Amino acid sequence: MTSDHTKQELTTTAETVLARRYYLKDDAGRPVETWETLCHRVADAVAEGDGQGTHIAQLREDFFRLIYHLDFLPNSPCLMNAGTDLGQLSACFVLPIADSMDGIFTAIRNGALVHKTGGGTGYSFSRLRSKNAAVRSTQGVASGPLSFAAVFDAATETIKQGGKRRGANMGVLRIDHPDIMDFICAKEDQNKFNNFNFSVAITDAFMTAVEDGSEYELLEPATGAVIACLDARSVFEKIIDLAWHNGEPGVLFIDAANRANMTPQLGDFEATNPCGEQWLLPYESCNLGSINLANFVVKGKDGGRVDYERLKQVAQTATIFLDNVIDCNRFPIPEIEEMTLKTRKIGLGIMGLHDLLIQMEIPYGSEEGRALAAQVMQFVRDAAEERSIQLAEEKGAFPAYDPAVNKYPGRRNAALTSIQPTGTVSMIADCASGCEPYFSIVMVKHVMDGDRLILVNKYFEQVARQEGFYSEELMSKVADSGTVIGHDEIPGNWQEIFRTAQDIGPEDHIRMQGLLQQSGVDSSISKTINLPNSASREEVKLCYMLGYQLGCKGLTVYRDGSRDSQVLNAGESSGNQQIALVSSEGLVKRNLPDTLNAKRYRLKDQDQKSVYIIVCFDENEKPMEVFAKFPFDNRVDLKDKSTMWTTTCRLVSLALRFNIPASEIIKQLDRSSGHMLDLPAQLSKLFKSFMAGTQHGFASACPECSGQLIFEEGCETCHLCGFSKCS
């Protein structure tokens with residue numbers, strides 16, 4: 001099958017992600033596909049969406065080349081399900097919630113069906129009457145949107161257990177809903193609503209009230225009556241405070257979204273998909289795909305240039321592909337099929353933007369970088385629109401097209417472009433996610449026996465070797481600091497070009513998002529505005545204000561290390577190593593103060609019983625003591641286990657107080673482990689998560705590989721194994 005194709009080489013990480021998440025498997029769970037056969041499966045299935053004809057063979061070939069050579073990749077459900085019995089190929093859905101028990105539980109049922117097939121759902125809870133509002137049918141009072149959001153969350157938790165992709169939700173509440181303050185604070189406790197991203201739908205009227213320092217009205221959804229007024233600035237400050245606290249809620253500028261609504265005659269936007277880049281009407285779905293911009297730079301003596309001719313060909317073939325997906329899709333419920341076929345929305349996006357800029361030797365945060373990004377995105381959209389108009393001439397415009405309402409030429413698709421998360425997909429393509437800059441240039445992967453594997457960005461390694469500043473020592477220093485900035489060995493121009501997400505100021509992040517939004521994005525953009533841990537609430541406020549002024553349709557701000565589950569890097573590696581202190585009398589044990597900060601972690605032992613591990617940290621957030629607590633009664637049959645766990649924790653605590661390097665502690669724990677759920681294994685996993693941080697200090701632990709979870713594109717993702725909390 002490959003005789004007329006150049007073989008596409010994949011990275012080890014890409015093969016790992018494909019084997020774990022995408023390749024079809026036999027009954028024993030062994031992959032039965034290769035990258036080539038997967039691409040043929042997807043290309044053949046989607047080509048069939050074009051019906052019958054002699055051109056189908058050419059479409060199969062075009063689609064295959066598009067995907068196989070990593071020029072364009074469709075969203076994960078398409079890669080997973082195309083050509084299978086499941087056949088559900090869309091990633092994004094918005095489902096309505098009517099203000100009745102029947103409407104609420106119909107939405108829960110429909111959401112479960114979507115999650116079962118690999119999609120993510122957005123819900124607006126804004127139509128539900130407020131807490132304590134009268135319910136005429138029962139002569140009682142309503143329990144409010146949050147009480148029902150908890151039911152949706154529990155249903156998702158149950159459904160997601162058996163699927164390839166985890167169920168993910170976006171929960172939206174309008175700023176003028178009477179329960180808005182409860183909603184804003186709902187995720188302050190991070191043990192609640194774990195299957196939801198929450199965003200506040202902010203109106204222009206509210207932002208005007210914030211600017212004026214005036215009050216705004218709260219409206220009862222059931223009646224439209226004004227039931228109270230709130231000080232807009234106080235509410236805005238609360239949103240900012242919680243976003244500063246842990247990144248939630250996000251904000252959605254709902255009026256900006258509806259001004260760009262392609263089919264206002266069908267209704268207003270109320271919610272987005274889980275990561276915020278797809279505004280959809282109730283029951284709409286959208287299938288997504290991303291062009292890998294890394295593959296469209298032609299290097300020459302005078303630097304690089306964008307290969308616009310080939311980019312146009314790929315963008316137009318990708319448009320045909322995504323339009324075909326609609327016709328060969330198997331929708332979860334009839335209402336979604338009906339609405340999707342009316343508007344035929346597609347989401348053609350990009351990934352590898354930072355790769356393109358690096359190859360062009362342009363800093364991501366520069367005006368030149370933003371201008372080129374906007375130019376490329378506009379070019380992609382123009383190419384997609386040209387093809388969509390041609391498709392409309394061949395097959396007909398989308399059925400909801402109304403020349404009296406729609407001010408653009410008849411085309412096949414109501415919406416064409418968005419910039420979506422490409423977490424695992426960009427790992428397959430070996431490029432930066434979406435329109436995000438790289439989160440790190442040199443990463444550390446902890447492998448067996450606590451050893452470190454240094455993973456260097458391919459462009460940085462190539463430049464470092466060509467320019468003569470490559471060394472293992474420097475790569476290790478960059479890994480430990482988490483940045484190329486400030487290393488004298490690296491020339492200043494390359495420090496600027498290889499700035500990562502947290503080296504780029506928030507204003508430059510937002511200006512990139514705003515310019516892309518205005519230049520070539522029909523729907524919206526999933527992007528994270530990264531802030532250092534030291535960022536103030538005032539800086540978060542400035543981000544929101546600037547995003548609104550620049551016409552962004554939504555914004556996610558994330559202050560590094562602001563999630564309670566995150567813990568400080570133990571700093572065991574070279575350049576920041578924890579050295580055991582030695583005096584003339586031998587090792588020195590560190591004295592501890594009377595009070596220490598602590599974090600509690602709930603684990604499961606071999607018998608699936610809960611055990612709590614409590615880790616105490618010093619003033620620098622270095623772990624110093626470990627305790628195990630059993631929440632069950634003092635049973636005789638568990639006494640030996642309790643004694644063993646307690647003794648192990650004491651020995652680990654002693655090692656920590658003597659500043660024994662964490663890598664040595666982990667090595668001994670791994671050697672002592674006899675079961676993946678016993679205490680040594682659990683402690684090892686915990687300490688590996690402490691070691692996975694950057695110079696900024698904090699890192700959530702990946703539940704599958706104990707690597708570092710990176711917060712980008714509105715979601716936490718592991719760049720080592722492909723785990724994502726949103727997929």
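## Close-up views of the predicted model

**View 1. Asn292 stands opposite Met351 in strand S16.** The model shown is predicted; local features require a pLDDT of at least 70 and side-chain atom pairs a pLDDT of 80 or more, whereas totals for chains, interfaces and linings use all residues. Residues are numbered from 1 along each chain as its sequence is written, and side-chain values use heavy atoms, with hydrogens and water left out. Strand S13 (residues 285-292) and S16 pair in the parallel sense over six bridges; two strands count as paired if DSSP finds at least two bridges between them. Helices (H or I, at least four residues) and strands (E, at least two) are DSSP runs numbered from the N terminus. Six of the six residues of S16 are buried, a term for a relative accessible area under 20%, with exposed meaning over 50% and partly exposed the range in between (1.4 Å probe, protein chains only). Ile346, Leu348 and Ile350 point one way from S16, while Gly347, Gly349 and Met351 point the other way.

**View 2. Arg344 and Asp323 form a salt bridge, with 3.0 Å between the closest N and O atoms.** The partners belong to distant parts of the chain, 21 residues apart: Arg344 sits in the loop between helix H12 (334-343) and strand S16 (346-351), and Asp323 in helix H11. A salt bridge is a side-chain nitrogen of Lys or Arg within 4 Å of a carboxyl oxygen of Asp or Glu. Side chains of opposite charge can pair when their charged atoms come close. Arg344 is buried at 4% relative accessibility, and Asp323 is buried at 0%. A network of salt bridges links Asp323, Asp327, Arg344 and Arg412.

**View 3. Glu237 and Lys541 form a salt bridge whose closest N and O atoms are 3.2 Å apart.** Glu237 lies in helix H9 (residues 232-246) and Lys541 in helix H20 (residues 537-549), so the pair ties together parts that are 304 residues apart in sequence. Glu237 is partly exposed, with a relative accessibility of 37%; Lys541, at 23%, is also partly exposed. The structure holds 32 salt bridges.

**View 4. Tyr23 is found in the loop between helix H1 (12-22) and helix H2 (35-47).** Tyr23 counts as buried at 4% relative accessibility. Leaving aside residues up to four places away in sequence, Tyr23 touches Glu15, Leu18, Pro31, Glu33, Thr34, Trp35 and Leu38, where a contact means heavy atoms within 4.5 Å. The C-alpha atoms of Tyr23 and Thr37 are separated by 9.1 Å, the two residues being 14 apart along the chain. Glu33, one of the residues touched by Tyr23, meets Arg41 in a salt bridge between their side chains (2.7 Å, N to O). Glu33 is buried, with a relative accessible area of 10%, and Arg41 is buried at 10% relative accessibility.

**View 5. The largest nonpolar core has 150 residues, and Trp35, Phe206, Ile291, Phe321, Leu353, Phe498 and Tyr544 touch the most other members.** Helix H11 (residues 308-328) supplies the largest share of this core, nine residues. Apart from this core lies another, of 21 residues, among them Phe617, Cys649, Ala655 and Leu683. A nonpolar core is a set of buried Ala, Val, Leu, Ile, Met, Phe, Trp, Tyr and Cys residues joined through side-chain atoms within 4.5 Å. With residues up to four places away in sequence not counted, Phe321 touches Val42, Val46, Phe63, Ile67, Phe72, Pro74 and Cys78.

**View 6. The structure has zero disulfides, a disulfide being a pair of cysteine sulfur atoms within 2.5 Å.** Cys286 is in no disulfide, and the nearest cysteine sulfur, that of Cys92, is 5.9 Å away. Cys286 is buried at 1% relative accessibility, and Cys275 is buried with a relative accessible area of 13%.

**View 7. The chain as a whole comes to 23 helices and 29 strands.** Buried residues make up 58% of its 727 residues. Of the contacts between residues at least 6 apart in sequence, 68% join residues at least 24 apart. The chain exposes about 29500 Å², of which carbon and sulfur atoms supply 49%. Accessible areas come from the Shrake-Rupley method with a 1.4 Å probe; for residues, only the protein chains shown count as cover.
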